[in-house]
Every structure is written in C-alpha cells, then in structure tokens.
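Hi everyone, thanks for coming. Please have a look at the sequence and the model, and then I'll walk you through a few places in them.

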Amino acid sequence: MNAPTPASAWVLEQDCAESGLDAQTVRGSMLGRIREMRDSIRRGLATDAPSITGMVGWNAKGLQGAPDVLNAPLLKRVQAYAMAVNEENARMGRIVAAPTAGSAGTIPGALIGVADHLGLADEQLIMPMVLAAGIGQAISRQMFISGAAGGCQAEIGSSAAMAAAAVTELLGGSSRACVHAASMALMNTIGLVCDPVGGFVEVPCVSRNAFFAVHAVSAAQLALANLESFIPPDEVVGAMAQVGRMMPLELRETAEGGLAQTPTGLAVTARMGGKG
Amino acid sequence: MIGPVMIGPSSSHTAGACRIGLVARQLLGAAPVRARTGLHASFAKTGRGHGTQLALVAGLLGFQPDDARLPDAFAEAQAAGLEYEFHDADLGDVHPNSACIELEGAGGERVSLIASSTGGGVIEAVRVDGFRVSFSGASATLLIRYTDALGVIAKVAALVAADHVNVAALVCSREKRGGAAMLCIEMDQPLSPAALVFLGSWPEMDWVRMVRPIMDAGATIGGGDVPILAGTTA
C-alpha cells in the first residue's frame, strides 16, 4: 500500500551491502520469516496442550474462544496472536526469535495482528519487518539484548520498540514517526525486570508478550498522531542500558527475585525439581 | 534481529547454546565421542528450564537450532555414541550465558572452547584451548594452532590473500615467545580446501580448522546474526 520509508529502504540497502545479497533475496528471506511467524501463530491457536511445567499452554486458544466483551477485535487478536507464539515457544515448538525467543510473540502479535485486522497481504509486511530488524540492531549497539544482561526491558522493550516502528511504517508513518514510536515504546518499558518463575520462559513471559504487543500498537497510534518522544531515541536507549547495568543479578533471569521468589513461584520450582 | 527460526524456549539459552555446540564440533574436526561441559552463571542457574543442555548436545551432534530433533538430543546422543556430562563452572569475568566445552573425538582429537551466548541467538567464542579468540560464527573463521615463529602470520595472510579471501578480523595470542600460539581469522568466505591442506602441511602448524558459518542460509536478515545496520556497527 505505501512506499517504504527512507529508514527501512536504508536498512535494506545496508544489509545488502554487508551480506553481499541482492535486495530481492533479502526481501524473500524476510517473507519466509513472516510465514514462519504465521505458522507458529496458527499452531499456537489450534492447541491448548500444556507446557512442560503446566503453567501455560491454553491462554491463546482460551482468549480466542472467549466473547469479545470490549468490542475491540483488534485488541483481542493482537493479544491472542502474541500468546500463541509464546505458548508454542514454551512447548519447545518452532518460532522465530524477534529479537529473542522469550519476546517472540510481540512482533507477530502487533504486526500480523494489525495486518489481519485490516486484511493486508504478507508482502506488505516485508519492509516494516526490515525496519524492525534495523531498530533492533540499533538498540543492540548500546546494550545486550538478553534478560540475563539487561533484564526483561532489554528483551520485551526491544521487541515492543521494533514492533512499534513496524506498525507505524505499515500504517503509512514517516521515518521520523517510526523511530519515535520505537522510542516511546522503549521509554515506557525501562526498568522491567526478568523474574521468570522456576527459570522457565512461561510466567510472566507468555502474558507479557500479549501486553507488550498492545503496548507497541499504542506507541504506533501516538506516533501516527505526530506525538513524539521528548527524550531523543538514542538517549532513551542509553538510559535503558544504564538501568540494565544497575539492575541486580537477582532480577536478571536468575529466578532469584520477584515473581520467581513468591510462595507460588517457589512451589513450582520445588515441584519441577529445582531451578529450571 | 528477526530470527533465527528456532526450537524454543530461549534464543540465548537454547538457540545460542546449540550454536556453541555447533562451533565446538567444527573445532574438533571430527564426530565427538565425549563432551564435558561447564555451565557458567545464568547457563547453570536457569539452563534446565530453557533446554540449554539439550541444545548444547544437539549442536555437538551437528543439529541446527531449528532441528525438530533438538528436544530429543539426549536420546540422539546415545544413538550416535556421544557421552556427555555437565557441571556448574565459574568461568570468571565472562557474559552470564557462557559455557566451557571439553570435547574428545574417536581418533583422540581434543579441543576446548569457552563461548558466550550474548542474546537473540548470537554467540561469541572467547577461548579455544585456553587461547584468547574472538569470533561469532556469522562468517567463516579460520583457527590455526601453531608454534610461534618469525613470519608465520605474514605467511598465513599471504596465503589467504592468494586464495582471494578477504580478512574481516584477526586475533592472535601465544603462550610465550616461541611457544604454542593461536591465530583466529574471520573472513568473508571460507578458504578453499586446497589452501587448507597446504596450510596444514607447514611444519609450524599444530592444527588448522575452518569453522563454517553457523547461521543458516535463511538467517541473512536479522537474527542478530545478520548485518542489519552493520555499516554502523563495524
């Protein structure tokens, strides 16, 4: 529908230059990733089989089958898609890391969710997805994208920022609007800790992807209304990296704090025979 | 950043761990029969729930991160005659997601690797046989263990250039003057088989290994494996 933004065109050009591949090949590879994401959504929505621990597995299908009490089909679709991917992930199913496996549902939830709501073809998602990859790479220049290094903000914050930029591009936003959408998504994720129950990528990870897919759509909505991130995007990434460095080890994927240390969380850990 | 396509549940603890195994297997240059793996920090603490041990073994067996056999890697190892054991290890000041693999082949080959999984399935090898190295496996990497002597690096560089291969990055370290040394060269393409054989025939050479890119062909965009915005990161 829209011509690619200069930002996504630039990212594609850079990637071609570095990889030595032509644009057609890179676009084809990205379309393959989009279809893999779609497959994991489909598989995730079709089953309510529990994960190894039994903590998750039925959320995506359950939400999809529930009445739309808010009369907000986009919202419900985005949440269901996001959880479908992460429940597949928790079953050791096949997913596309974006940028990580624990945050793999956010981009498909937001971008494919919006596309399906509007009836758009997968080909139209290629350049928005290329831009998402570029945003992820730009963030990773300043910080490690892993919960162990930077807390959940590094994972779900990055995925939400990438998704926000992609949805903004899909809906016709300018390069500037895309980057500001990413920045707003990121600045509202700073400080989020990684405290997975039992050390498994299940609680809170599955529901967190539903929440942050919606978060990304919210950021796109604001950016498309020409609202901007008061703190410039690069400074926001720097702030997140600083907060990551200040975060205690107990709150960085070690399952030694937060939800993992609640009585219920500890009971799951004990039942599963020690920390995951 | 979009990718890899992988078996869950964790890009760093599962896909990255699998890739560390893939690199170790290539460094051994043979099918491994015994693997002793130390798990550091977060790999030790939350590895089980993430299938880290399964993924490391899968990589040692030569499976890619999206291989459907990954969840059954322990049974596959038994069938392939690979013995494995895991222990907690303190590897010092390395990334929290790190492992040390000591690997042995049927012909008595041995190699050790310390590598970190830095997020999104991206890895970084930091030590081979105790020598400091630095490579990610995103591009072809030549590892050479040799005896330190005047002009060896220049000779290797000349051979690589004569093979029409461009060098992207180079790290070299040695035990002591005239002692065992290691050269680690990241390159734009792998060296030709003929050049590798020739290189291996030099008297200074202990062993020569070509680590082929561990990122699948479809991984060219994103994956963190990929060079999106690489122009600004190099």
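Which residue stands opposite A:V96? In β1(B), B:V5 does. Before I go on, a word on the source: this is a predicted model, in which local features need pLDDT of at least 70, side-chain atom pairs count only at pLDDT 80 or more, and totals for chains, interfaces and linings use all residues. Residues are numbered from 1 along each chain as its sequence is written, while chains are lettered from A and ligands numbered from 1 in the order in which they are written.

Back to those strands. β1(A) and strand β1 (residues 5–7) of chain B run antiparallel and are joined by three bridges. Strands pair here if DSSP finds at least two bridges between them; helices (H or I, at least four residues) and strands (E, at least two) are DSSP runs, numbered from the N terminus.

Now the wider interface. Chain A brings 52 residues to the contact and chain B brings 42, where contact means C-beta atoms, placed from the backbone, within 7 Å. On the chain A side, α6(A) gives the most, with nine residues. That side divides into 26 nonpolar, 17 polar and nine charged residues. For these classes, Ala, Val, Leu, Ile, Met, Phe, Trp, Tyr, Cys and Pro count as nonpolar, Asp, Glu, Lys and Arg as charged, and the others, Gly among them, as polar.

Let's turn to chain B. Its secondary structure comes to seven helices and 11 strands. Its domain assignment gives domain 1 (1–128) and domain 2 (138–214), with bounds that come from an automatic or database assignment. The C-alpha centres of these two domains of chain B lie 24 Å apart. Seven residues of domain 1 of chain B are in contact with six of domain 2 of chain B, and helix α1 (residues 11–28) of chain B supplies five residues, the largest share of the domain 1 side.

Finally, the largest nonpolar core. This is a set of buried Ala, Val, Leu, Ile, Met, Phe, Trp, Tyr and Cys residues joined through C-beta atoms within 7 Å, and buried means that 20 or more other C-beta atoms lie within 10 Å of a residue's own. The core has 160 residues, and A:A216 is one of those that touch the most other members. Helix α8 (residues 152–170) of chain A gives the largest share, 12 residues. Both domains of chain B also give residues to this core, so it lies between them.

How values were computed:
Buried ≥ 20, exposed ≤ 12 C-beta atoms within 10 Å, placed from the backbone. Contact = placed C-beta atoms within 7 Å.
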